[in-house]
Amino acid sequence: MRAAPALLRALGLAGLALCAGCATVQPWEKAELGKPCMQFSGDGPAQAFRAHALITNEQAMGGEGGSGGGCGCR
Amino acid sequence: MSRPWAGKADPGAAVAAARRLGAALLAGCLLAAGLGADSSMGLRYSHYDGSDGVTVVSPEGDVHADLDDRSQVALHYGVDAVSAASFNYAKSKTHLADPARMVGDCKTCHNPVDAISGASLNYRDTRQELGVTFIRHWGETDLKPSYIHSQEDDYTSQTVGMSVAQNLFSRDTNLELGYRHGDNQIQPVWDKARVEEMGTDTATLALTQVLGRLSELRLNAELSDLRGFLSNPYSFVQVGNLTTQPAAESEPDERLQSVLGAAFKQSLGWDSSAELDYRYYGDDWGVTAGTVQGQVDKQWGPFTVDAGWRHYSQSQAWFFRNFYAQPRAYMSRDLKLAAFSDDLFSLGLRGSLGEDWDLDMSYSHYLRRDGLDYRLYFSNGPVAADLLSVGFTYR
């Protein structure tokens with residue numbers, strides 16, 4: 001558990017470096033990202049039930065899901 | 001954070017809950033129909049069938065309604081109707097090991113819950129969950145306060161949450177910060193006067209980043225603090241040998257959990273993609289876990305098919321033992337706290353049925369492996385399970 005704050009810091013730094021290092025992808029270049037096949041599995045329609053079933057057998061939970069990505073058109 | 005499938009309740013409650021679900025969804029339809037063309041309503045049926053005899057049927061419904069061009073409200077109502085094979089004490093491994101126990105019925109020696117398996121006799125349970133989320137858009141910022149109420153015969157849970165999502169850099173980046181607080185009350189079925197409390201606080205962070213025209217990445221971090229009664233009142237441990245009376249499980253009353261996750265999605269062209277996920281979990285009970293997951297998606301016309309594999313492995317909690325030679329301050333033989341690994345194989349289909357309807361179906365097969373001695377468990381070995389979920393959404 002002592003490693004957790006260090007891991008969080010590393011994750012934050014990696015995230016900032018990632019954002020800063022990425023070239024902007026223009027909206028008209030996001031057609032591929034907006035396709036249904038590019039949806040993250042954590043945002044899938046049956047994900048809630050699957051996660052609910054798995055936590056009855058496993059200790060680890062969470063750390064999935066989020067907003068954004070795709071075509072950026074909400 | 002509740003133990004969603006533990007306990008015992010009136011068998012008729014599932015029927016009553018299904019009626020309430022129908023009424024709630026009817027109200028949802030009227031609400032959605034009256035609030036605009038962008039509103040939607042979803043119905044889902046899910047089924048879990050475990051090799052240990054546990055069956056869960058979960059009907060649920062969702063309504064999303066646009067209140068105005070900046071505000072949405074989402075309602076969710078779901079039911080878990082759980083049943084398990086009745087406990088046959090004549091086949092109990094502890095009873096077979098000790099003929100002196102083969103007298104009377106179970107209640108002669110036990111509370112109306114099997115001390116070895118942790119399952120109640122003629123086990124049935126119904127959990128109902130009602131959730132509401134309000135979503136407000138301010139430019140590139142989304143604010144989402146939420147409330148969830150979950151009710152079982154022996155468990156009540158209330159969770160309030162708030163998350164803020166911010167689009168950055170021409171929507172190539174999205175940062176979401178969340179916090180939720182849960183209050184839980186546990187009342188064991190054999191002693192309703194006993195009320196145990198458990199509180200949870202969870203902070204979440206999700207960063208989604210478009211890496212280029214064909215790939216994106218998501219990073220997640222989560223930190224949870226659990227306090228209060230964290231034991232399962234239906235779980236018992238065997239101290240000494242097979243002939244001694246089982247003792248109640250006892251777990252520490254505080255737990256700090258952390259999760260880090262990363263998911264990478266890459267377009268493969270030809271309307272297909274591949275995803276690779278990794279998640280690390282650690283807590284101060286000594287449990288560490290890793291999850292690796294891969295999935296491929298392929299579009300065919302209005303439908304998308306996906307196939308995935310997920311592998312999970314964890315270490316055991318520092319106080320977990322399958323057998324205790326001597327009593328200890330903390331004792332548990334909860335299978336969730338053991339060292340084990342499992343795999344989940346999944347197939348899914350999602351897409352549109354005309355202009356107004358969406359359909360999704362998924363099937364998963366779960367397989368667990370461990371090195372435990374199952375002589376004391378009612379189950380004859382690790383659990384295998386089949387999960388099925390079918391959903392319809394009307395827009």
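**Chatting through chains A and B**

Student: How much of chain B is buried?
Tutor: This is a predicted model. In it, 40% of the 395 residues of chain B count as buried.

Student: OK, and how many helices and strands does chain B have?
Tutor: Chain B has three helices and 18 strands.

Student: What share of the contacts in chain B is between residues 24 or more positions apart?
Tutor: Such pairs make up 58% of the contacts with a separation of 6 or more.

Student: New topic. How many residues of chain B are in contact with chain A?
Tutor: On chain B, 73 residues take part, and they meet 42 residues of chain A.

Student: Which residues of helix 2 of chain A are buried?
Tutor: Helix 2 covers residues 47–54. Its buried residues are Phe49(A), Arg50(A), His52(A), Ala53(A) and Leu54(A).

Student: And what covers them?
Tutor: Strands of chain B are part of the cover, including strand 1 (40–50), strand 2 (55–66), strand 17 (357–370) and strand 18 (384–394).

Student: Now the largest nonpolar core. Which residues touch the most other members?
Tutor: The core has 21 residues. Leu207(B), Val259(B), Val287(B), Ala289(B), Ala317(B), Leu337(B) and Ala338(B) touch the most other members. Strand 8 (196–212), strand 9 (215–228) and strand 12 (254–269) of chain B each supply at least two residues of this core.

Student: What lies apart from that core?
Tutor: Another core, of 13 residues. Among them are Leu54(A), Ala81(B), Val82(B) and Ala385(B).

Terms used: Residues numbered from 1 in each chain as written. Chains lettered and ligands numbered in written order. Predicted model: local features only at pLDDT ≥ 70, side-chain atom pairs only at ≥ 80, totals over all residues. Helix = DSSP H or I, 4+ residues; strand = E, 2+ residues; numbered from the N terminus. Buried ≥ 20, exposed ≤ 12 C-beta atoms within 10 Å, placed from the backbone. Contact = placed C-beta atoms within 7 Å. Core = buried A, V, L, I, M, F, W, Y, C linked by C-beta atoms within 7 Å.
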